Amino acid sequence: MNARATMATFGEFARNGLGVPLLVMVVLAMMVLPLPAFLLDVFFTFNISLSIMILLAVIYVRRALEFATFPTVLLGATGSGKVTMASENAPV
């Protein structure tokens with residue numbers, strides 16, 4: 001399956017309202033199934049870099065309304081870190 005077909009499939013999921021349930025299933029699978037150490041390192045690296053980007057965005061905002069989505073972004077970033085931590089501590 002090439003990249004265009006894969007993106008079209010994901011686009012169909014989003015249009016049909018199946019994107020969020022599919023994402024929830026993937027997150028739950030990540031917490032239950034053990035992940036390789038390399039993949040956990042990649043997720044930790046992504047989480048730390050995302051946190052630094054959020055921190056820099058917050059520092060350089062002049063007015064509070066310019067970054068009104070901060071609580072939502074913070075919740076999403078915290079959730080992705082917890083998924084990685086939960087999958088690391090999953091029993092093997």
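A residue is called buried here when its relative accessible area is under 20% and exposed when that area is over 50%, with partly exposed in between (1.4 Å probe, protein chains only). By that criterion, the buried residues of helix α3 are L40, N47 and I54. The model is predicted, with local features requiring pLDDT of at least 70 and side-chain atom pairs counting only at pLDDT 80 or more, while totals for chains, interfaces and linings use all residues. Residues are numbered from 1 along each chain as its sequence is written, and side-chain values use heavy atoms, with hydrogens and water left out.

**Fold and contacts**
- The chain has four helices and zero strands, in the order α-α-α-α from the N terminus, where helices (H or I, at least four residues) and strands (E, at least two) are DSSP runs numbered from that end.
- Helix α3, residues 37-59, has 23 residues and spans 33 Å from its first C-alpha to its last, close to the 33 Å expected at 1.5 Å a residue, the expected span being 1.5 Å times one less than the number of residues.
- Among contacts (heavy atoms within 4.5 Å) between residues at least 6 apart in sequence, 62% join residues at least 24 apart.

**Burial and surface**
- Of the 92 residues of the chain, 13% count as buried.
- The accessible surface, from the Shrake-Rupley method with a 1.4 Å probe and, for residues, only the protein chains shown as cover, comes to about 7300 Å², of which 74% belongs to carbon and sulfur atoms.
- M25, which lies in helix α2 (residues 19-32), counts as exposed because its relative accessibility is 56%.
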